Amino acid sequence: MDNTILRTEALHAYYVLDVYGKQKILKAVNEVDLAIQEDEIYGIAGESGCGKTTLLKALAAAVEPPLRVMSGRVTYRIAGEEVDVATLTPEEKRKLRLEYIAYVPQGSMSVFNPVARIKDTYRDFIESHISAGSKTEAFDLAREHLTELGLPIKILDAYPHQLSGGMRQRVTIALATLLKPRIIIGDEPTTALDVVVQRGVVQLLKDVQRKLQNTIVLVTHDMGVHANIADRIGIMYAGKIVEEAPTDKIFGAPAHPYTQYLINSLPKFGDKTPRESVPGSPPSLANLPSGCPFHPRCPHAKDICKQEMPGFTQVEPKHRVACWLVGEGEHGKAA
Amino acid sequence: MKVFRDLLRDYRFFWGFWILVMMLVFAGLSYFSPYDPTLWGEVPRDMRPSAEHWLGTDSNGQDIFWMATFAVRNSLTIALIAGLVSRVIAVTVGMVAGYLGGKSDRVLMFVSDSLLVIPLFLMIVLLAMLIRNSMNVVSLGLLLAIFGWAWDARLIRSQILSLRERDFTKTAVLSGTGTLRLVINEYMPYSTPLIFSTLINNMAWAIGLEITLAILGLLDLSIPTLGTMLYWAINYQAVLLGRWWWVLTPITLSILLFIALYWLSVSISEYLDPRRRVQRVGAA
Amino acid sequence: MFFRRYLIPRFIQYILVIFFGITAVFIIPRLLPNDPVMRTIGELRARGATLEPGAMDKIITDLTQMYGLEGSWFDQYIAFWQRLARGDLGVSFFQFPTPVSTLILTALPWTVGLLLTTTILAWIIGNVLGAFAGYYAGSRWSQALDGVAMVIRPMPYYIFAFALLLLFAYAVRWFPVSGGAKLGMQPGWNWAFIQSVLWHSFLPALSIAILGMAVWFQTMKLVVQSVVGESYVQYARLSGVTERKIVSRYVFRNALLPQITGLALSLGLIFSGALITEIVFSYPGLGTLLYRAIINGDYNLIMGITIFSIFAITTAVLIVDLIYPLFDPRIRYS
């Protein structure tokens with residue numbers, strides 16, 4: 001039985017910019033096929049500037065100029081029906097947000113309305129989706145909700161700048177679960193936090209997922225966080241998914257040279273040899289190298305790598321990789 | 001050069017730039033003037049525009065076209081003196097306050113805040129009343145410079161504050177770069193465009209004040225400027241007597257100058273802010 | 001915390017600015033080597049002002065006092081403040097012997113009435129237009145308004161006064177172009193007088209408001225455009241908050257904050273900001289009073305207006321600074 005809840009098919013999303021009369025195209029999402037399952041935590045990893053946040057915007061059906069979907073599509077499965085998000089009206093999309101698909105931003109200083117108390121943000125979110133209820137009822141609901149998640153109620157009276165970064169991040173997660181959505185997507189929710197706080201936030205996300213039995217799509221460049229939380233990981237490079245596998249396979253048997261670099265650059269206990277990082281810097285999305293975009297940084301690059309982009313090879317069930325070193329590129333299906 | 005070509009694609013920069021170039025050429029013509037601007041009665045009075053006197057003549061018996069070339073030259077000189085001298089003050093204050101921080105920052109910002117709430121115009125009037133007869137191009141320029149730096153010092157300070165937080169500052173400080181070297185070599189290149197756009201704004205402000213002071217008769221009225229031309233036109237009731245060419249010449253020139261300077265500064269500061277640059281989105 | 005970090009520094013600044021500003025007014029006439037009293041008298045004579053001999057003596061003592069030229073500099077300075085503390089700004093000498101404070105107080109309601117209403121009206125209209133233009137930045141009408149503002153904004157304020165004067169004095173005579181009310185009308189709280197005042201203030205008000213609206217429009221439009229890009233707006237959108245709430249509670253609310261500070265600074269310009277407008281329309285306010293003082297060489301009156309303005313402007317700015325925290329919790333609790 002197909003459990004796919006969130007799917008992309010040959011998705012291309014580009015930024016089309018007009019910089020003083022010259023058109024500039026950034027290929028931020030370039031041919032991406034994903035099939036994200038119900039009740040899983042799917043991690044998307046990659047360096048900054050690889051297009052992962054853009055992919056997230058496309059998944060959230062929040063594509064606005066200058067970003068444009070050039071081809072391909074994104075579908076949600078709502079009540080057993082596959083729905084192409086491009087066919088939804090703005091009002092339908094608005095209703096799906098928070099109720100069906102919720103978004104967790106980075107809990108930065110400016111993530112909440114700086115002139116409103118947290119309880120006002122709660123009220124705005126609640127009133128936008130549940131018609132009935134007065135101001136006090138909305139506050140009661142907020143209080144109940146926070147208690148359930150083990151967060152202090154007194155933060156409701158605070159202004160955003162009075163909260164710590166960790167607390168702001170927790171509140172964004174709490175708000176995302178308010179209406180028990182089927183999908184939660186998180187954009188670097190752990191990035192700006194110190195390690196101890198980070199662990200608490202990861203734990204909160206895990207608890208939330210266990211309770212709601214829903215899907216979490218998590219974007220972060222931090223492989224440590226992925227190792228802790230993700231069931232499956234997609235590695236993104238220059239707008240493309242280059243490898244996808246269950247977490248233990250990604251860490252245990254990475255197949256793509258780029259993934260190998262990412263894994264090898266992680267520190268290990270007791271191992272004091274210097275960590276090797278990826279040589280060179282990520283390519284500009286405005287001016288991608290020919291063939292496989294990784295070839296200029298790849299130590300094993302062959303002639304064909306410079307000419308043609310490899311398709312996916314199915315290394316084993318649920319593990320696919322796009323690299324000429326691994327296979328001849330018979331098109332591995334998104335699984 | 002690439003920056004310049006990019007900027008010229010913006011209609012405001014394009015027009016602002018060319019109007020200003022034309023103004024400079026016009027001001028340069030004053031060196032070829034057949035008439036001495038300090039002498040009256042050189043030409044017949046109150047003539048309509050004609051082939052001989054392109055913009056007519058005024059009630060003082062001066063040729064308006066050639067007077068206008070002197071007026072633009074003097075007004076621009078006043079503005080340039082005011083702008084450049086106040087830039088020196090604003091940049092020094094802004095950089096010192098922004099870089100040193102602490103007490104010197106508080107003192108300098110207190111001074112500039114105070115200048116912002118004090119009725120500067122009235123202060124200038126008080127001073128100008130006393131030295132009215134020696135209010136020439138240079139002294140007026142300097143007087144305006146003393147009062148015209150406060151706001152721009154604030155802008156420069158906040159830019160330095162944000163530069164100080166950047167990584168390269170720490171790198172430079174840790175590798176032993178001296179404060180002065182750091183400010184001049186590392187910060188100046190970042191601040192130059194901002195300083196330039198504040199210079200343009202300040203020049204527009206100076207021209208406006210020059211005109212106001214002249215209309216009130218607080219300048220040496222024998223020096224032709226855009227303001228003193230208007231003063232004489234108003235003084236001789238040129239509007240009531242229907243001598244439109246006399247009034248319209250300084251007004252048109254000053255409006256062109258104001259628009260040119262303003263459009264240049266808007267265009268440059270928009271170019272400086274990459275967020276706004278990218279907002280000019282193309283629809284495909 | 002709020003008291004120590006916000007209120008107290010502002011009060012100190014308020015006191016210091018008044019102190020230094022008025023001290024500067026005290027020092028300026030002393031910067032010149034020649035005797036300012038005889039200088040002023042000389043100028044008066046040169047302008048052919050006819051003064052009776054008795055008045056001349058009084059003016060000389062008065063000027064000597066006002067410039068504070070009796071005794072040492074320190075004595076002079078103390079005496080200067082003592083007179084100010086009594087609200088005594090000396091006498092005008094072109095309307096001898098009317099006290100300067102009386103002249104100011106007569107002109108003040110006209111200027112404040114005209115400029116306060118136009119500043120606030122322009123602020124409201126400009127902000128509303130700018131807010132919508134910023135929110136619908138891509139639309140055609142927004143860009144058209146932006147183009148209009150681009151042309152109006154760089155103009156000096158008096159251009160509009162001249163233009164309206166020419167238009168309504170010669171082309172269409174719909175509105176009176178001179179004075180504050182119908183000549184010979186007794187000021188008072190009756191409908192006929194108020195109507196006449198409103199009627200007469202229409203053109204000067206319009207000429208000031210045009211530029212003001214363009215300025216507020218432009219800044220508001222820019223602020224709204226940048227607030228729309230803030231993460232809290234994006235986040236609210238991605239959480240399906242209704243657009244009406246986003247506009248009113250997120251975008252406009254936050255965009256208004258810098259505009260409040262801007263209003264404070266422009267209130268400061270009220271006392272000298274429309275000088276030429278008042279002259280052009282012979283409006284009986286402070287601007288015209290100042291103009292007459294300048295052309296008559298009435299230094300005492302100019303000093304009085306300056307001292308009064310320093311006081312009024314700093315107080316206006318202080319009041320807005322005190323109100324501002326009500327709108328911005330970041331200042332209230334930090």
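Me: What is the accessible surface of chain A, and what share of that surface belongs to carbon and sulfur atoms?

Reply: In this predicted model, the accessible surface of chain A is about 14500 Å², and carbon and sulfur atoms account for 52% of that area.

Me: What makes the radius of gyration of chain A agree with that of a compact globule?

Reply: The rule for a compact globule of 335 residues gives a value near 20 Å, and chain A has 21 Å, so the two agree. Along its principal axes, the C-alpha trace spans about 70 × 50 × 50 Å. Chain A contains 10 helices and 12 strands, and buried residues amount to 54% of its 335 residues. Of the contacts between residues at least 6 apart in sequence, 63% join residues at least 24 apart.

Me: How do you know that the structure holds 0 disulfides, taking A:Cys305 as a case?

Reply: A disulfide requires two cysteine sulfur atoms within 2.5 Å. The closest cysteine sulfur to that of A:Cys305 is in A:Cys292, at 6.1 Å, and is therefore too far for a bond. A:Cys323 is likewise in no disulfide, the nearest cysteine sulfur being that of A:Cys298, 6.1 Å away. Over all chains the count is 0.

Me: Why are A:Cys305 and A:Cys323 called buried?

Reply: The term applies under 20% relative accessible area. A:Cys305 has 6% and A:Cys323 has 7%, so both count as buried.

Me: Which phi does A:Lys318 have, and where does the residue lie?

Reply: A:Lys318 is not a glycine, yet its phi is positive, about 70 degrees. The residue lies in the loop between strand E11 (313-316) and strand E12 (319-321) of chain A.

Me: How do you know that the peptide bond from A:Pro65 to A:Pro66 is cis?

Reply: Omega of this bond is near 5 degrees, and the bond is cis. Most peptide bonds are trans. A:Pro66 occupies the loop between helix H1 (52-59) and strand E4 (67-78) of chain A.

Technical notes
Residues numbered from 1 in each chain as written. Chains lettered and ligands numbered in written order. Predicted model: local features only at pLDDT ≥ 70, side-chain atom pairs only at ≥ 80, totals over all residues. Heavy atoms only, no water. Buried < 20%, exposed > 50% of the residue type's maximum accessible area, 1.4 Å probe, protein only. Helix = DSSP H or I, 4+ residues; strand = E, 2+ residues; numbered from the N terminus. Rg over C-alpha atoms; globule rule 2.2 N^0.38 Å. Contact = heavy atoms within 4.5 Å. Areas by Shrake-Rupley, 256 points an atom, 1.4 Å probe, with all protein chains shown as cover.
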